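Thanks for coming. I will take a few minutes to go through one structure, so please have a look at it first.

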Amino acid sequence: MGFVPTPEGSSPASPPTAAMTGTASAKGARGGGAAGAAKPGAPKAVDKETTAGILFGIGAYGLWGLLPLYFFVLMPAGAIEIVANRVVWSLLFCALLITVTRGWPALVAAVRNRSVFGPLALAAFLIAINWLTYTYGVTTNQTVEASLGYFINPLVSVLLGVFVLKEKLRPLQWAAVGIGFVAVGVLTYSYGKLPWIALTLAFSFGLYGFVKKRVGPRVDAVTSLSVETMVLAPFAAATMVVLAVTGSATLTTQGAGHFWLLLASGVITAVPLVFFGASARRLPMTTIGLLQYFAPVLQFIVALLVFREAMTVDRWIGFGVVWLALIVLTVDMLRTARKNSVARKYAAHHPA
């Protein structure tokens, strides 16, 4: 994906979003003249920045949620070929973006700075694992399990906070994690095996987010994506050559439509990331945290209604337990955000 998310979407409950805690613009509240003279209790004008942020967020997560349909129309291309093309054409699209935005100095600075380039190189390989696993899941009729990976990603991010960042969890967070473990057990029983696609997606995306958080404040989204694709591009190009030599490539063997669809993977990869960046700059983390569920819900719906994947009673129960854990986690997130908001308002009115 992409929550860069970000990978297939940078999940706000995951570490990367902590580095992107942009809040909604307060222009509407500070408006002068007639706007500033609004009577107490009168409905507030809709903040245009907030509205734009929500629309950008829906656009980003909506595109990530519908990504399985794109992979479906790329068949008979397999996961390896799709990801290789995605990397190569993304690099070309990023080069165009950087040229238009005059971002070459920032890219050169990022490559020369070891403390920036090193983490981004690691992030590149983590996102490659994520993309390969996700594309494999979709192209082998396991989109339901792939969507599960992004449902449980917020729980994995909480675990990373405990074991990597040594954070202390609140009671509801512990409850959500515990319920999540029960869900994995139920789903393991249902599938007859550990749901490795879902777990690989969740952990690779969570670790990717953690790495990106460490470097996030020092590099913008387009530069970050460009460096990551630069690192992966030699491997992707070599893969495309091997597939072509062995006669396994479909890029030039399935007609012009298939050729241009594969080339479009660069745009399809970059556009949601640009939308997400625009959304994260305008919205508080709590709102992004709620929008993030839009992508796996769409993936789940596509898997059931379009791909007609089977959902047994056991799997419905397992997913139900996962959703319960997410409800608990969301309640905790909203409560914490409300308490922090109250504390900020109190501090503003009662300065020390």
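I will talk about a pair of helices, then some aromatic rings, and then one histidine.

Before that, one caution: what you see is a predicted model.

Let us start with the helices. Two packed helices are described by the angle between their axes and the distance between the axes. Here I have picked helix 8, residues 114-139, and helix 9, residues 143-163. Their axes come within 7 Å of each other, and the crossing angle is roughly 145°. The crossing is left-handed. Which residues make the contact? From helix 8 there are Asn-130, Tyr-134, Gly-137 and Val-138, and from helix 9 there are Thr-143, Ala-146 and Tyr-150. Sorted by class, the contact has four nonpolar residues and three polar ones, with no charged residues.

Now the aromatic rings. A pair of aromatic rings is described by the distance of the centres and the angle of the planes. The model has 20 aromatic pairs, and I will show two of them.

One is Tyr-61 with Trp-64. Their ring centres are 5.5 Å apart and the planes stand at 65°, so this pair is edge-to-face. Both residues belong to helix 4, residues 48-65, where they sit three residues apart, about one turn of the helix. Tyr-61 and Trp-64 are both buried.

The other is Tyr-136 with Trp-196. This pair is tilted, with 35° between the planes and 5.9 Å from centre to centre. It links distant parts of the chain: Tyr-136 is in helix 8, while Trp-196 is in helix 11, residues 196-215, and the two are 60 residues apart.

One more ring deserves a mention. Arg-86 lies over the face of Trp-131, 4.1 Å from the ring centre.

Last, the histidine. Where is His-258? It is placed in helix 13, residues 256-263. Why does His-258 count as buried? Its relative accessibility is 6%, and buried means under 20%. What does His-258 touch? Leaving out residues up to four places away in sequence, His-258 touches Leu-74, Met-75, Ala-77, Thr-250 and Leu-251.

That is what I had to show.

Definitions and conventions: Residues are numbered from 1 along each chain as its sequence is written. This is a predicted model: local features need pLDDT of at least 70, side-chain atom pairs count only at pLDDT 80 or more; totals for chains, interfaces and linings use all residues. Side-chain values use heavy atoms; hydrogens and water are left out. Axes are lines fitted to C-alpha atoms, for helices over the stretch in contact, and angles run from 0 to 180 degrees between N-to-C directions. Helices (H or I, at least four residues) and strands (E, at least two) are DSSP runs, numbered from the N terminus. A crossing is left-handed if the near helix is turned anticlockwise from the far one by less than a right angle, and right-handed if clockwise. Contact means heavy atoms within 4.5 Å. Ala, Val, Leu, Ile, Met, Phe, Trp, Tyr, Cys and Pro count as nonpolar, Asp, Glu, Lys and Arg as charged, and the others, Gly among them, as polar. Buried means under 20% relative accessible area, exposed over 50%, partly exposed in between (1.4 Å probe, protein chains only). Rings of Phe, Tyr and Trp (its six-membered ring) pair if their centres lie within 6.5 Å; planes under 30 degrees apart count as stacked, over 60 as edge-to-face and the rest as tilted. A charge sits over a ring if NZ of Lys or CZ of Arg is within 6 Å of the ring centre and within 35 degrees of the ring normal.
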